[in-house]
Amino acid sequence: MAGRRDWTRETLAAGVRAGDKRALARAISLVENSEPLAYELIQDLYAETGNAYAVGITGPPGVGKSSLINALVRHVREREQTVGVISVDPSSPFTRGALLGDRIRLADHFLDPGVFIRSMGTRGHLGGVAEATLQAMLVLDAAGKDLLFLETVGAGQSEVEVIGIADTILLVLMPGSGDSVQALKAGIMEIPDVIAINKMDHPAAKTMLNEVRSILALDHESSWQPPIVLTDAIRGENVPELWEQIEAHRAHLEEDGQLETRRRRNLAGEVFTVAAGRAKAHLERAVADDPELRRLLDEVQRRELDPLSAVDEIMVKVFKVEDENRADAA
Ligand SMILES: Nc1nc2c(ncn2[C@@H]2O[C@H](COP(=O)(O)OP(=O)(O)OP(=O)(O)O)[C@@H](O)[C@H]2O)c(=O)[nH]1
Ligand SMILES: [Mg+2]
(Lines give C-alpha, C1' and ligand atoms only; values in the text may rest on other atoms or scores of the structure.)
(Ligands and ions follow the chains in the order given, each with its own letter.)
Protein backbone atom coordinates (compact mmCIF):
# COMPACT_ATOMS: atom_id res chain seq x y z
CA MET A 1 0.00 0.00 0.00
CA ALA A 2 1.44 3.34 -1.02
CA GLY A 3 1.74 5.70 1.94
CA ARG A 4 1.45 9.43 1.89
CA ARG A 5 5.01 10.11 0.79
CA ASP A 6 5.39 7.12 -1.48
CA TRP A 7 3.55 8.46 -4.50
CA THR A 8 5.77 9.20 -7.43
CA ARG A 9 4.83 10.89 -10.68
CA GLU A 10 4.46 7.43 -12.24
CA THR A 11 2.55 5.63 -9.50
CA LEU A 12 0.24 8.58 -9.00
CA ALA A 13 -0.58 8.81 -12.71
CA ALA A 14 -1.18 5.04 -12.79
CA GLY A 15 -3.37 5.25 -9.69
CA VAL A 16 -5.43 8.07 -11.16
CA ARG A 17 -5.84 6.21 -14.46
CA ALA A 18 -7.07 3.18 -12.52
CA GLY A 19 -9.55 5.38 -10.64
CA ASP A 20 -7.97 4.45 -7.30
CA LYS A 21 -9.65 6.58 -4.63
CA ARG A 22 -6.49 7.12 -2.60
CA ALA A 23 -4.61 8.25 -5.69
CA LEU A 24 -7.43 10.63 -6.61
CA ALA A 25 -7.58 12.05 -3.09
CA ARG A 26 -3.81 12.54 -3.07
CA ALA A 27 -3.78 14.11 -6.54
CA ILE A 28 -6.46 16.63 -5.61
CA SER A 29 -4.68 17.51 -2.36
CA LEU A 30 -1.55 18.19 -4.39
CA VAL A 31 -3.62 20.40 -6.67
CA GLU A 32 -5.08 22.29 -3.70
CA ASN A 33 -1.63 22.90 -2.31
CA SER A 34 -0.13 23.96 -5.67
CA GLU A 35 2.49 21.20 -5.39
CA PRO A 36 4.85 20.81 -8.35
CA LEU A 37 3.86 17.14 -8.59
CA ALA A 38 0.32 18.24 -9.41
CA TYR A 39 1.55 20.11 -12.48
CA GLU A 40 3.59 17.13 -13.62
CA LEU A 41 0.63 14.85 -13.15
CA ILE A 42 -1.62 17.07 -15.25
CA GLN A 43 1.07 17.23 -17.93
CA ASP A 44 1.10 13.44 -18.05
CA LEU A 45 -2.67 13.02 -18.03
CA TYR A 46 -3.94 15.91 -20.10
CA ALA A 47 -3.84 14.12 -23.46
CA GLU A 48 -6.16 11.47 -22.03
CA THR A 49 -8.83 13.90 -20.86
CA GLY A 50 -11.88 15.25 -22.66
CA ASN A 51 -14.04 12.16 -22.28
CA ALA A 52 -16.03 13.13 -19.22
CA TYR A 53 -19.14 15.24 -19.51
CA ALA A 54 -19.05 18.10 -16.99
CA VAL A 55 -22.13 19.55 -15.37
CA GLY A 56 -21.71 22.71 -13.31
CA ILE A 57 -24.22 23.23 -10.53
CA THR A 58 -24.48 26.73 -9.16
CA GLY A 59 -26.92 28.86 -7.19
CA PRO A 60 -27.35 30.79 -3.96
CA PRO A 61 -26.35 29.28 -0.59
CA GLY A 62 -28.65 26.66 0.86
CA VAL A 63 -30.97 26.16 -2.12
CA GLY A 64 -30.22 22.45 -2.18
CA LYS A 65 -27.36 22.09 -4.68
CA SER A 66 -25.59 19.33 -2.75
CA SER A 67 -28.85 17.53 -2.04
CA LEU A 68 -29.71 17.70 -5.71
CA ILE A 69 -26.28 16.38 -6.68
CA ASN A 70 -26.82 13.53 -4.23
CA ALA A 71 -30.11 12.69 -5.92
CA LEU A 72 -28.62 13.03 -9.41
CA VAL A 73 -25.70 10.79 -8.48
CA ARG A 74 -28.14 8.14 -7.31
CA HIS A 75 -30.06 8.49 -10.56
CA VAL A 76 -27.06 8.21 -12.88
CA ARG A 77 -25.59 5.35 -10.86
CA GLU A 78 -28.73 3.37 -11.57
CA ARG A 79 -27.76 3.79 -15.19
CA GLU A 80 -24.25 2.53 -14.50
CA GLN A 81 -22.51 5.81 -15.21
CA THR A 82 -19.52 6.69 -13.03
CA VAL A 83 -19.31 10.12 -11.41
CA GLY A 84 -16.81 12.53 -9.92
CA VAL A 85 -18.10 15.35 -7.74
CA ILE A 86 -16.14 18.46 -6.81
CA SER A 87 -17.72 20.91 -4.41
CA VAL A 88 -15.89 24.21 -4.49
CA ASP A 89 -16.07 26.36 -1.43
CA PRO A 90 -13.98 29.41 -2.23
CA SER A 91 -14.32 30.87 1.25
CA SER A 92 -12.98 27.92 3.17
CA PRO A 93 -9.28 27.26 3.63
CA PHE A 94 -7.88 23.88 2.73
CA THR A 95 -9.58 21.20 4.73
CA ARG A 96 -9.59 17.77 3.28
CA GLY A 97 -13.22 16.86 2.80
CA ALA A 98 -14.37 20.32 3.93
CA LEU A 99 -18.00 20.77 4.74
CA LEU A 100 -19.67 18.54 7.24
CA GLY A 101 -23.07 19.18 5.72
CA ASP A 102 -21.94 18.06 2.29
CA ARG A 103 -20.37 15.01 3.83
CA ILE A 104 -23.60 13.92 5.39
CA ARG A 105 -25.61 14.74 2.30
CA LEU A 106 -23.32 12.85 -0.01
CA ALA A 107 -22.44 10.07 2.43
CA ASP A 108 -24.73 7.63 0.62
CA HIS A 109 -22.15 7.32 -2.11
CA PHE A 110 -18.85 7.21 -0.25
CA LEU A 111 -18.54 3.45 -0.43
CA ASP A 112 -19.52 3.25 -4.09
CA PRO A 113 -16.37 2.63 -6.19
CA GLY A 114 -18.08 4.34 -9.14
CA VAL A 115 -18.34 7.65 -7.31
CA PHE A 116 -15.63 10.00 -6.11
CA ILE A 117 -16.64 13.02 -4.05
CA ARG A 118 -14.46 15.80 -2.82
CA SER A 119 -15.01 19.22 -1.30
CA MET A 120 -12.31 21.67 -2.14
CA GLY A 121 -11.33 24.81 -0.33
CA THR A 122 -9.38 27.05 -2.62
CA ARG A 123 -8.54 30.11 -0.58
CA GLY A 124 -4.80 30.44 -0.69
CA HIS A 125 -4.27 28.44 -3.85
CA LEU A 126 -1.52 30.31 -5.66
CA GLY A 127 -3.24 30.30 -9.02
CA GLY A 128 -6.73 30.96 -7.71
CA VAL A 129 -9.98 29.07 -7.67
CA ALA A 130 -10.34 28.52 -11.40
CA GLU A 131 -6.90 26.96 -11.73
CA ALA A 132 -7.39 24.54 -8.82
CA THR A 133 -10.83 23.50 -10.03
CA LEU A 134 -9.71 22.97 -13.60
CA GLN A 135 -6.92 20.68 -12.45
CA ALA A 136 -9.17 18.69 -10.12
CA MET A 137 -11.67 18.20 -12.93
CA LEU A 138 -8.89 17.02 -15.26
CA VAL A 139 -7.76 14.49 -12.68
CA LEU A 140 -11.27 13.01 -12.42
CA ASP A 141 -11.65 13.10 -16.19
CA ALA A 142 -8.40 11.14 -16.59
CA ALA A 143 -9.70 8.70 -13.97
CA GLY A 144 -12.33 7.72 -16.52
CA LYS A 145 -15.39 9.15 -14.78
CA ASP A 146 -18.25 9.38 -17.26
CA LEU A 147 -19.74 12.43 -15.55
CA LEU A 148 -18.33 15.26 -13.51
CA PHE A 149 -20.45 17.39 -11.21
CA LEU A 150 -18.99 20.68 -10.09
CA GLU A 151 -20.75 22.59 -7.32
CA THR A 152 -20.11 26.28 -6.73
CA VAL A 153 -22.01 28.78 -4.61
CA GLY A 154 -23.31 32.06 -5.93
CA ALA A 155 -22.81 33.81 -9.22
CA GLY A 156 -20.03 36.28 -8.67
CA GLN A 157 -17.19 36.70 -11.12
CA SER A 158 -14.98 34.03 -9.60
CA GLU A 159 -17.82 31.50 -9.55
CA VAL A 160 -18.59 32.23 -13.17
CA GLU A 161 -14.94 31.58 -13.95
CA VAL A 162 -15.02 28.31 -12.04
CA ILE A 163 -18.24 27.10 -13.58
CA GLY A 164 -17.01 28.23 -16.99
CA ILE A 165 -15.35 24.88 -17.64
CA ALA A 166 -18.65 22.98 -17.44
CA ASP A 167 -20.38 21.66 -20.55
CA THR A 168 -23.85 22.16 -19.10
CA ILE A 169 -24.62 24.66 -16.38
CA LEU A 170 -27.47 23.95 -14.00
CA LEU A 171 -28.70 26.91 -11.96
CA VAL A 172 -30.49 25.88 -8.77
CA LEU A 173 -32.93 28.30 -7.22
CA MET A 174 -35.50 27.96 -4.50
CA PRO A 175 -38.72 29.82 -3.96
CA GLY A 176 -37.96 33.06 -2.21
CA SER A 177 -34.40 33.46 -3.52
CA GLY A 178 -35.38 36.78 -5.06
CA ASP A 179 -31.83 38.07 -5.40
CA SER A 180 -30.95 35.41 -7.92
CA VAL A 181 -34.03 36.21 -9.96
CA GLN A 182 -32.84 39.81 -10.00
CA ALA A 183 -29.39 38.68 -11.09
CA LEU A 184 -30.93 36.62 -13.85
CA LYS A 185 -32.94 39.63 -14.94
CA ALA A 186 -29.93 41.91 -14.92
CA GLY A 187 -28.14 39.47 -17.20
CA ILE A 188 -25.40 38.79 -14.66
CA MET A 189 -26.46 35.19 -14.84
CA GLU A 190 -26.68 34.66 -18.53
CA ILE A 191 -25.07 31.36 -17.74
CA PRO A 192 -27.67 28.69 -17.04
CA ASP A 193 -28.52 25.99 -19.58
CA VAL A 194 -31.01 24.30 -17.27
CA ILE A 195 -32.77 25.75 -14.22
CA ALA A 196 -34.05 23.79 -11.24
CA ILE A 197 -36.43 25.39 -8.79
CA ASN A 198 -35.83 23.19 -5.79
CA LYS A 199 -37.92 22.80 -2.62
CA MET A 200 -40.97 22.70 -4.85
CA ASP A 201 -43.22 22.14 -1.82
CA HIS A 202 -42.79 25.78 -0.92
CA PRO A 203 -46.01 27.75 -1.53
CA ALA A 204 -44.16 30.31 -3.67
CA ALA A 205 -42.73 27.70 -6.07
CA LYS A 206 -45.24 28.35 -8.85
CA THR A 207 -44.80 32.13 -8.57
CA MET A 208 -41.09 31.71 -8.91
CA LEU A 209 -41.50 29.42 -11.89
CA ASN A 210 -43.57 32.06 -13.65
CA GLU A 211 -41.12 34.81 -12.75
CA VAL A 212 -38.15 32.90 -14.10
CA ARG A 213 -40.08 31.86 -17.19
CA SER A 214 -40.99 35.47 -17.99
CA ILE A 215 -37.36 36.55 -17.67
CA LEU A 216 -36.20 33.80 -19.99
CA ALA A 217 -38.91 34.73 -22.50
CA LEU A 218 -37.11 38.05 -23.05
CA ASP A 219 -34.37 36.19 -24.84
CA HIS A 220 -35.46 35.46 -28.39
CA GLU A 221 -32.02 34.95 -29.84
CA SER A 222 -30.58 31.81 -28.31
CA SER A 223 -31.00 28.50 -30.07
CA TRP A 224 -31.46 26.90 -26.65
CA GLN A 225 -34.17 27.97 -24.22
CA PRO A 226 -33.21 26.86 -20.70
CA PRO A 227 -35.85 24.44 -19.43
CA ILE A 228 -37.09 24.98 -15.88
CA VAL A 229 -37.78 21.97 -13.66
CA LEU A 230 -39.45 22.01 -10.24
CA THR A 231 -37.64 19.54 -7.96
CA ASP A 232 -37.55 18.13 -4.48
CA ALA A 233 -34.01 16.97 -3.84
CA ILE A 234 -34.80 15.22 -0.59
CA ARG A 235 -37.66 13.11 -1.91
CA GLY A 236 -36.03 12.83 -5.34
CA GLU A 237 -39.08 14.24 -7.02
CA ASN A 238 -38.57 15.24 -10.67
CA VAL A 239 -34.90 14.33 -10.47
CA PRO A 240 -35.18 11.98 -13.49
CA GLU A 241 -36.91 14.81 -15.38
CA LEU A 242 -34.12 17.20 -14.43
CA TRP A 243 -31.53 14.71 -15.66
CA GLU A 244 -33.48 14.31 -18.88
CA GLN A 245 -33.24 18.07 -19.46
CA ILE A 246 -29.50 18.04 -18.78
CA GLU A 247 -29.14 15.22 -21.31
CA ALA A 248 -31.31 17.12 -23.76
CA HIS A 249 -28.93 20.05 -23.49
CA ARG A 250 -26.01 17.73 -24.04
CA ALA A 251 -27.70 16.28 -27.12
CA HIS A 252 -28.35 19.80 -28.37
CA LEU A 253 -24.65 20.66 -28.00
CA GLU A 254 -23.52 17.43 -29.61
CA GLU A 255 -25.90 17.78 -32.51
CA ASP A 256 -23.89 20.08 -34.71
CA GLY A 257 -20.44 20.26 -33.18
CA GLN A 258 -21.44 22.90 -30.66
CA LEU A 259 -19.94 20.89 -27.82
CA GLU A 260 -16.52 21.08 -29.45
CA THR A 261 -16.93 24.81 -30.01
CA ARG A 262 -17.99 25.34 -26.43
CA ARG A 263 -15.13 23.28 -25.02
CA ARG A 264 -12.65 25.11 -27.19
CA ARG A 265 -14.01 28.43 -25.92
CA ASN A 266 -14.12 27.20 -22.32
CA LEU A 267 -10.53 25.94 -22.40
CA ALA A 268 -9.30 29.13 -24.02
CA GLY A 269 -11.19 31.04 -21.34
CA GLU A 270 -9.55 28.95 -18.63
CA VAL A 271 -6.09 29.51 -20.05
CA PHE A 272 -6.68 33.27 -20.08
CA THR A 273 -8.25 33.26 -16.63
CA VAL A 274 -5.40 31.28 -15.13
CA ALA A 275 -2.77 33.34 -16.97
CA ALA A 276 -4.44 36.56 -15.80
CA GLY A 277 -4.53 35.21 -12.23
CA ARG A 278 -0.83 34.42 -12.38
CA ALA A 279 -0.02 37.80 -13.92
CA LYS A 280 -1.89 39.53 -11.12
CA ALA A 281 -0.10 37.52 -8.43
CA HIS A 282 3.22 38.29 -10.12
CA LEU A 283 2.38 41.98 -10.23
CA GLU A 284 1.36 42.09 -6.58
CA ARG A 285 4.58 40.38 -5.55
CA ALA A 286 6.64 42.68 -7.72
CA VAL A 287 5.05 45.78 -6.23
CA ALA A 288 5.44 44.45 -2.71
CA ASP A 289 9.13 43.68 -3.27
CA ASP A 290 10.07 46.84 -5.11
CA PRO A 291 10.24 50.17 -3.27
CA GLU A 292 10.38 52.02 -6.57
CA LEU A 293 7.07 50.53 -7.72
CA ARG A 294 5.50 51.29 -4.37
CA ARG A 295 6.72 54.86 -4.71
CA LEU A 296 4.84 55.11 -8.03
CA LEU A 297 1.63 54.25 -6.21
CA ASP A 298 2.40 56.87 -3.55
CA GLU A 299 2.92 59.43 -6.30
CA VAL A 300 -0.44 58.56 -7.80
CA GLN A 301 -2.02 59.00 -4.42
CA ARG A 302 -0.36 62.42 -3.98
CA ARG A 303 -1.55 63.34 -7.49
CA GLU A 304 1.99 63.88 -8.68
CA LEU A 305 1.68 61.13 -11.27
CA ASP A 306 -1.45 60.22 -13.21
CA PRO A 307 -2.68 56.62 -12.91
CA LEU A 308 -2.10 55.66 -16.56
CA SER A 309 1.49 56.83 -16.51
CA ALA A 310 1.99 54.68 -13.42
CA VAL A 311 0.47 51.76 -15.31
CA ASP A 312 2.85 52.32 -18.21
CA GLU A 313 5.85 52.32 -15.92
CA ILE A 314 4.65 49.20 -14.13
CA MET A 315 4.01 47.37 -17.40
CA VAL A 316 7.48 48.18 -18.69
CA LYS A 317 9.19 47.38 -15.42
CA VAL A 318 7.30 44.24 -14.39
CA PHE A 319 6.17 42.74 -17.68
CA LYS A 320 8.65 44.37 -20.06
CA VAL A 321 5.85 45.49 -22.36
CA GLU A 322 5.35 48.92 -23.87
CA ASP A 323 1.87 50.20 -24.50
CA GLU A 324 1.51 49.67 -28.24
CA ASN A 325 -0.67 52.71 -28.83
CA ARG A 326 1.62 54.95 -26.95
CA ALA A 327 4.73 53.52 -28.57
CA ASP A 328 3.16 54.18 -31.98
CA ALA A 329 2.22 57.70 -31.03
CA ALA A 330 5.67 58.50 -29.75
N1 LIG B 1 -37.83 20.77 2.03
C2 LIG B 1 -36.74 20.63 1.27
N3 LIG B 1 -35.54 20.83 1.82
C4 LIG B 1 -34.46 20.67 1.04
C5 LIG B 1 -34.57 20.32 -0.33
N6 LIG B 1 -33.33 20.25 -0.86
C7 LIG B 1 -32.48 20.56 0.14
N8 LIG B 1 -33.14 20.80 1.29
C9 LIG B 1 -32.57 21.19 2.59
O10 LIG B 1 -32.00 22.46 2.44
C11 LIG B 1 -30.78 22.58 3.20
C12 LIG B 1 -29.63 22.98 2.29
O13 LIG B 1 -29.39 21.93 1.39
P14 LIG B 1 -27.99 21.76 0.64
O15 LIG B 1 -28.15 20.64 -0.31
O16 LIG B 1 -26.87 21.72 1.60
O17 LIG B 1 -27.93 23.13 -0.13
P18 LIG B 1 -26.67 23.76 -0.91
O19 LIG B 1 -27.24 24.63 -1.96
O20 LIG B 1 -25.73 22.71 -1.33
O21 LIG B 1 -26.03 24.63 0.24
P22 LIG B 1 -24.56 25.33 0.20
O23 LIG B 1 -23.61 24.38 -0.44
O24 LIG B 1 -24.28 25.57 1.65
O25 LIG B 1 -24.74 26.59 -0.56
C26 LIG B 1 -30.60 21.23 3.87
O27 LIG B 1 -31.08 21.31 5.16
C28 LIG B 1 -31.43 20.29 3.02
O29 LIG B 1 -31.89 19.20 3.76
C30 LIG B 1 -35.88 20.12 -0.88
O31 LIG B 1 -36.07 19.81 -2.07
N32 LIG B 1 -36.93 20.29 -0.03
MG1 LIG C 1 -23.63 22.49 -1.01
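This is a predicted model: local features need pLDDT of at least 70, side-chain atom pairs count only at pLDDT 80 or more; totals for chains, interfaces and linings use all residues.
Some ground rules come before the details. Residues are numbered from 1 along each chain as its sequence is written, while chains are lettered from A and ligands numbered from 1 in the order written. Local features need pLDDT of at least 70, side-chain atom pairs count only at pLDDT 80 or more, totals for chains, interfaces and linings use all residues, and side-chain values use heavy atoms, with hydrogens and water left out.

**The cores**

A nonpolar core here is a set of buried Ala, Val, Leu, Ile, Met, Phe, Trp, Tyr and Cys residues joined through side-chain atoms within 4.5 Å. Buried means under 20% relative accessible area, exposed over 50%, and partly exposed in between, with a 1.4 Å probe and protein chains only. The largest such core has 34 residues, and Val16, Ile28, Leu41, Ile86 and Val139 touch the most other members. Helices (H or I, at least four residues) and strands (E, at least two) are DSSP runs numbered from the N terminus. Among the elements giving two or more residues to this core are α1 (9-17), β2 (83-89) and α6 (128-142); α6 provides the largest share, 9 residues. Apart from it lies another core of 28 residues, including Val55 and Leu259.

Helix α6 also holds Leu140, which is buried at 0% relative accessible area. Its C-alpha atom is separated by 8.3 Å from that of Ala52, 88 residues apart along the chain. Beyond neighbours within four places in sequence, the contacts of Leu140 (heavy atoms within 4.5 Å) include Leu24, Ile28, Ile86 and Phe116.

**Around strand β6**

In a regular strand the side chains alternate between the two faces of the sheet. Strand β6 (residues 194-197) is covered on both faces: Val194 and Ala196 are buried on one side, Ile195 and Ile197 on the other.

| Partner strand | Bridges to β6 | Direction |
|---|---|---|
| β5 (residues 168-173) | 4 bridges | parallel |
| β7 (residues 228-230) | 3 bridges | parallel |

Leu173 has Ile197 as its bridge partner, and Ile195 stands opposite Ile228.

Because Ser66 lies in helix α4 (residues 65-78) and Glu151 in strand β4, the pair ties together parts 85 residues apart in sequence. Ser66 is buried at 6% relative accessibility, and Glu151 is buried with a relative accessible area of 6%.

Technical notes: Two strands pair if DSSP finds at least two bridges between them.
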